[in-house]
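Hi,

Here is the structure I promised to send over. Have a look at it first, and my notes follow below.

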Amino acid sequence: MSIETFDIIVIGAGIAGASVAAELAQTRRVAVLEREESPGYHSTGRSAALFSEIYGNSVVRALSRASRDFFYAPPEGFTAHALVRPRGSLYIAREEQVPHLEDFARNSDLAGSIRRLTREEALRACPILRPDYVSAAVFEDDAADVDVNELHQGYLRRFRKAGGQLVLNADVQALARQGERWIVQTSSGMFSAPIVINAAGAWADAIARKAGAAPLNIRPCRRTAILVELPGNLAAGSWPMVIDIDETFYMKPDAGLLLISPADETPVSACDVQPEELDIAVAIDRVETATTLKFTRIRKRWAGLRSFAPDRSPVIGFDPVQHGFFWLAGQGGYGIQTAPAAARLAAALVRDKTPDIDDIPIAQLSPQRFAVAARSRV
Ligand SMILES: Cc1cc2nc3c(=O)[nH]c(=O)nc-3n(C[C@H](O)[C@H](O)[C@H](O)COP(=O)(O)OP(=O)(O)OC[C@H]3O[C@@H](n4cnc5c(N)ncnc54)[C@H](O)[C@@H]3O)c2cc1C
């Protein structure tokens, strides 16, 4: 059987694989191998599409901040449409949650990104909230809705334009290092390259095992979302995304409907995950408790996987043991908003160049951190 040869093979055509492949294809011969018949079928096509610089841990926030310019001013020819539209995010607390909201608001990393709102201001921003539910609130003015499809397709267009090859229906079944190259066996043929990038989302550990690399305990967790009809002729367009400070639910206007989620995080095996009735009922109950709304019709329901490394930071860097095996995984609930900076960082590391991005804690993203942590436990 013939083997197609490249400089770099990327496994997975979600936002992680598409974005890093687009960067690298500008100077290298790159193939992206995707098991599904369309890219973005898994987590990338199932997100809540928010960009927020205050969401996630400090490592995630640094990547999000470093991605901001790309969203607002993408490279020439990347897209004909805006990638982001202002949305605002409103964190609310009930009386017993106020200490948690105070802790959150005191975080020096968030200073300048948030402002406190009185209850009245919070209710003005989102008039369906119950006055007796909200005791305190903070607001992030600069959060935004992301056009995820346009971002993803923009990266894939840029990739193809540079000569990159996207191979669909190519399930990676085996990987072996032969001399200086990886031989990758898929359901659509054999491919070879000195460097393989593991951008397989929930399947990142499974791909590592196939490559003989130690898995990093990247855990896929189910998150559920539904789109519900709004009663009467409520104009929700200008409402912010509303997030419970303990992240027990969130809601966000979406094209005349309301996207709501119980913010569940149930560990599951990597799969084509589907929503559970109980999670849907919990989402409805929590939002109806916090608001004056009663929902009568669900238009759409889905679930997706958010995959976390043990410290909840993404994993970006070469495997410490398996030569030429690069991790771009563990993006959790932040893989869309961090994609531009993560891709630039990953591409620089693959090219063995110093990344031209400021304030990114590279050591806290490297897979090496788990080897260091394991050694310090001994
Ligand atoms: C409900 C929900 C809401 C979210 N909201 C947000 C949000 O508001 N903002 C944000 O930034 N993020 C959000 N996220 C997270 C975001 O969607 C993910 O972090 C991101 O999509 C991960 O991208 P990925 O490319 O790593 O994974 P994926 O999109 O899952 O791509 C991985 C790809 O690898 C392929 N693959 C796996 N195994 C193989 C194999 N053996 N051979 C070939 N291909 C393979 C898969 O088919 C898949 O296409 C949300 C997620 C969910 C579920």
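How do the residues of the shell around the ligand divide into nonpolar, polar and charged? There are 20 nonpolar, 14 polar and seven charged ones. Before you read on, keep in mind that this is a predicted model.

Staying with the ligand: 41 residues surround it, and the closest are G12, G14, G201, G304 and G335. The elements that each give two or more residues to this shell are α1 (15-24), β15 (219-229) and β20 (298-308). Both domains take part, with at least three residues of the shell coming from each of domain 1 and domain 2.

About those domains: the assignment gives domain 1 as 3-49 + 148-217 + 311-377, and domain 2 as 89-141 + 219-308. Their centres, taken over C-alpha atoms, are 31 Å apart. Where the two touch, domain 1 puts in 16 residues and domain 2 puts in 13. On the domain 1 side of that contact you'll find six nonpolar, eight polar and two charged residues.

Helix α1 deserves a look of its own. 10 of its 10 residues are buried, so the helix is largely enclosed by the rest of the structure. That list runs from I15 and A16 through to E23 and L24, and includes V20. Among the elements covering the buried residues of α1 are β2 (8-11), β3 (30-33), α5 (148-161), β14 (195-198), β22 (325-329) and α8.

V20 turns up again in the largest nonpolar core, which has 118 residues; V20 is one of those with the most contacts inside it, along with I9, V146, V196 and L328. Helix α8 (residues 339-350) supplies the largest share of this core, nine residues.

Now the chain as a whole. It has 10 helices and 22 strands, and its C-alpha trace spans about 65 × 45 × 40 Å along the principal axes. A compact globule of 378 residues would have a radius of gyration near 21 Å, and the chain agrees with that because its own value is 21 Å. Of the 378 residues, 49% count as buried. Among contacts between residues at least 6 apart in sequence, 73% join residues at least 24 apart.

Cheers

Conventions:
Residues are numbered from 1 along each chain as its sequence is written. This is a predicted model: local features need pLDDT of at least 70, side-chain atom pairs count only at pLDDT 80 or more; totals for chains, interfaces and linings use all residues. A residue is near a molecule or strand if its C-beta atom, placed from the backbone, lies within 6 Å of it. Helices (H or I, at least four residues) and strands (E, at least two) are DSSP runs, numbered from the N terminus. Ala, Val, Leu, Ile, Met, Phe, Trp, Tyr, Cys and Pro count as nonpolar, Asp, Glu, Lys and Arg as charged, and the others, Gly among them, as polar. Domain bounds come from an automatic or database domain assignment. A nonpolar core is a set of buried Ala, Val, Leu, Ile, Met, Phe, Trp, Tyr and Cys residues joined through C-beta atoms within 7 Å. A residue is buried if 20 or more other C-beta atoms lie within 10 Å of its own, exposed if 12 or fewer, and partly exposed in between; C-beta atoms are placed from the backbone. Two residues are in contact if their C-beta atoms, placed from the backbone, lie within 7 Å. The radius of gyration is taken over C-alpha atoms; the globule rule is 2.2 Å times the number of residues to the power 0.38.
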